[in-house]
Amino acid sequence: MTKWVIDPAHTSVDFSVRHLMISKVRGQFNEFQGEIDGDVEDFENATIHFTIETNSINTNQEQRDGHLKSADFFDVEKYPQITFKSTTIEQTKANHFNIIGEMTIKDVTGKVTFHAVREGVAQGENGRIAGFHASTEINRQDYGLTWQQALETGGVMVGNTVSISVDFEAQEQ
């Protein structure tokens with residue numbers, strides 16, 4: 001079985017969530033690792049493991065990042081990682097896949113489907129490299145991220161739907 005390792009220099013893990021019901025706040029996680037076990041050309045028989053370091057969250061606003069790291073949200077001292085492990089990969093059309101798996105945030109594990117596109121496979125300096133884009137949406141409250149503040153004008157401070165986008169390159173080992 002071929003092993004592919006995620007290249008952090010050519011990978012981004014981004015998210016966005018509604019703020020004040022009128023705009024979106026975007027951020028990313030800067031530390032992560034992952035691997036694909038299997039052939040990226042026969043992707044339906046592969047498995048993916050991905051781990052994100054919660055302390056690496058970055059929204060370009062220090063005070064907000066501190067709040068997200070606190071027990072109100074990720075509680076990074078107690079839950080230092082978010083994990084994803086695929087259980088099934090289904091091809092939906094040429095180079096398009098549903099990557100179905102289990103995501104664990106805090107102490108909650110839930111089923112998630114990433115809609116993925118294999119952008120291509122190229123020969124690099126040190127072997128083959130595969131590029132992918134994957135995205136999904138989750139309800140943050142399903143994962144114990146329940147902090148909320150009601151607004152005087154109605155509505156809430158933070159939306160429940162979190163959009164997640166991962167662009168990654170994997171290097172064949």
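This is a predicted model: local features need pLDDT of at least 70, side-chain atom pairs count only at pLDDT 80 or more; totals for chains, interfaces and linings use all residues.

**Entry: overall build**

I began with the secondary structure, which comes to one helix and eleven strands. Reading from the N terminus on, I wrote the order of elements down as β-β-β-β-β-β-α-β-β-β-β-β.

For the dimensions, I took the box filled by the C-alpha atoms along the principal axes, which is roughly 55 × 30 × 25 Å. I then asked what radius of gyration the protein has beside the value for a compact globule. The protein has 17 Å, and this agrees with the value near 16 Å that a compact globule of 173 residues would have.

Buried residues make up 45% of the 173 residues. Among contacts with a separation of 6 or more, I found that 55% are between residues 24 or more positions apart.

**Entry: the largest pocket**

Next I looked up the largest pocket, in which about 730 Å³ of space lies. It is lined by 38 residues, and the closest to its centre are Phe15, Phe29, Ile57, Phe74 and Val162.

Which element gives the most to this lining? I found that β2 does, with six residues. At least two lining residues each come from several elements, among them β2 (12-19), β3 (23-29), β5 (47-53), β10 (127-139) and β11 (158-172), and also from the helix α1 (62-69).

Sorting the lining of the largest pocket by class, I noted 28 nonpolar residues, six polar ones and four charged ones.

**Entry: Ser163**

I then went to Ser163, which is found in strand β11. Its side chain is joined to that of Glu137 by a polar contact of 3.2 Å. Leaving aside neighbours within four places in sequence, I listed Asp14, Phe15, Ser16, Thr136 and Glu137 as the residues in contact with Ser163.

**Entry: Ile48**

Beyond the neighbours within four places in sequence, Ile48 is in contact with Glu35, Ile36, Phe43, Phe84, Lys85, Ser86, Ile89 and Ile99. I also checked Ile48 against Ser16: they are 32 residues apart in sequence, and their C-alpha atoms are 23 Å apart in space.

**Entry: two residues with positive phi**

Asn95 lies in the loop between β7 and β8 and has a positive phi of about 65°, although it is not a glycine. With a relative accessible area of 32%, Asn95 is partly exposed, because that value falls between the cut-offs of 20% and 50%.

Lys106 has its place in the loop between β8 and β9 (108-124). Its phi is positive too, at about 55°, and Lys106 is not a glycine either.

How values were computed:
Residues are numbered from 1 along each chain as its sequence is written. Side-chain values use heavy atoms; hydrogens and water are left out. On a 1 Å grid over the protein atoms alone, a cavity is a set of points where a 1.4 Å probe fits but cannot get out, and a pocket is an open set with protein on both sides within 12 Å along at least five of seven lines; lining residues have an atom within 4 Å of a point. Grid points are joined across faces, edges and corners, and a volume is the space filled by probe spheres set on the points. Helices (H or I, at least four residues) and strands (E, at least two) are DSSP runs, numbered from the N terminus. Ala, Val, Leu, Ile, Met, Phe, Trp, Tyr, Cys and Pro count as nonpolar, Asp, Glu, Lys and Arg as charged, and the others, Gly among them, as polar. A polar contact is a pair of N or O atoms within 3.5 Å; within protein, one must be able to donate a hydrogen and the other to accept it, and residues adjacent in sequence count only if both atoms are side-chain atoms. Contact means heavy atoms within 4.5 Å. The radius of gyration is taken over C-alpha atoms; the globule rule is 2.2 Å times the number of residues to the power 0.38. Buried means under 20% relative accessible area, exposed over 50%, partly exposed in between (1.4 Å probe, protein chains only).
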